[in-house]
Amino acid sequence: MTQTLTLRRPDDWHLHLRDGAMLKAVLPETARDFARAIIMPNLVPPVITSDDARAYRERILAALPEGADFTPLMTLYLTEATDPADVVAAHASGLITAVKLYPAGATTNSASGVRDMDKVQHVFEAMAEAGVPLCVHGEVTRPEIDIFDREAVFIDEVLDPIRRRTPGLKVIMEHITTADACAYMKAGDSTLGATITTHHLMINRNHILVGGIKPHYYCLPVAKRESHREALVELATSGFDRVFLGTDSAPHTQANKECACGCAGVFSASVTMPCLAQVFDDAGALDRLEAFASLNGPAFYGLPANETRITLRKGNALDIPAPLETGEGPVVVFDPGRPIAWHVERS
């Protein structure tokens, strides 16, 4: 039985850091294990222009613990007023790595997102020509669409038409949650990638709803039924080379989760690597964890894999950390509700 596992240091291809006191509190939890992360731009106000991205990047770097080896990969928030020239120039300079598409109203701080995809088609075309990747929150938001069907409908009605209209556009389907998305992903070409979160590999909708509402499992896209979770695990552990880790680790204070209208988001940065090792171990696929966490993402984005390593060791059950104190209130760390036997070795 494998008791230790050494792999290239992983990257997180979907991360929320927020700003201010929250940023300072949660950033060390990611920088401890991850070398790079795609930083989500849904602040208030959002990160829309290259100047916004530059200023946010400076705040992130200033918040890093002394000696930390971590690179934030910045994104721009796509709006119907986005200037394609600004996007292309920001990407060419290395300031940004991708652009993020939020359908308006799809998730936290998405009110400024896109309502009419035709109004941003010229931006997609400029991005395709310049090789700028598009990260997509893949849900429709029409009220008549059941929340558990939003992802499948988005693929049919929005994503597939965008890709057909824009040959060469590199698209990342973020935080996929359904067997439908897995099938679409596997049928796609080299311009289509996908991220899967830690929590969607470990929980289904029963975890949220059975025995009382569990607000710290509530996220968007919402966790689906068990058959969808199993499809995600199968894809993540299969060795398929265009799917990779994006934690969607999203901190909210305990008070903002445990209230009448709780926020969507799971904070998993502190425990992601032990949880992933457990998922891959349970699937008999520990030899494929490095590809999912450390190799496939850089390859899709055209970046080198990290040269540094981390080591995971199997032993006693992991103690889930106490809520993280942030200065804005405690943030509860993701607890999958079952024993995790893996730990990241700390020097």
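Author: The model is a predicted one. In it, helix 1 and helix 2 cross in a right-handed sense. The contact involves Leu23, Lys24 and Leu27 of helix 1, and Arg59, Ile60 and Ala63 of helix 2.

Reader: How do the residues of the contact of helix 1 with helix 2 divide?

Author: Four are nonpolar, two are charged and none is polar.

Reader: Why is Glu307 called exposed?

Author: Its relative accessibility is 59%. The cut-off for exposed is over 50%, so Glu307 counts as exposed. Glu307 lies in the loop between helix 11 (289-301) and strand 10 (309-314). Its C-alpha atom is 9.6 Å from that of Leu7, although the two are 300 residues apart along the chain.

Reader: What makes strand 1 and strand 11 edge strands?

Author: The open sheet has three strands in the order 1-10-11, with antiparallel pairing. Strand 1 (4-8) and strand 11 (342-344) each pair on one side only. From one strand to the next, the twist averages 25°.

Reader: How do you know that strand 1 and strand 10 pair?

Author: Pairing requires at least two bridges, and five join strand 1 to strand 10. Within strand 10, Arg309 is the bridge partner of Arg8.

Note on methods: Residues are numbered from 1 along each chain as its sequence is written. This is a predicted model: local features need pLDDT of at least 70, side-chain atom pairs count only at pLDDT 80 or more; totals for chains, interfaces and linings use all residues. Side-chain values use heavy atoms; hydrogens and water are left out. Helices (H or I, at least four residues) and strands (E, at least two) are DSSP runs, numbered from the N terminus. Buried means under 20% relative accessible area, exposed over 50%, partly exposed in between (1.4 Å probe, protein chains only). A crossing is left-handed if the near helix is turned anticlockwise from the far one by less than a right angle, and right-handed if clockwise. Contact means heavy atoms within 4.5 Å. Ala, Val, Leu, Ile, Met, Phe, Trp, Tyr, Cys and Pro count as nonpolar, Asp, Glu, Lys and Arg as charged, and the others, Gly among them, as polar. Axes are lines fitted to C-alpha atoms, for helices over the stretch in contact, and angles run from 0 to 180 degrees between N-to-C directions.
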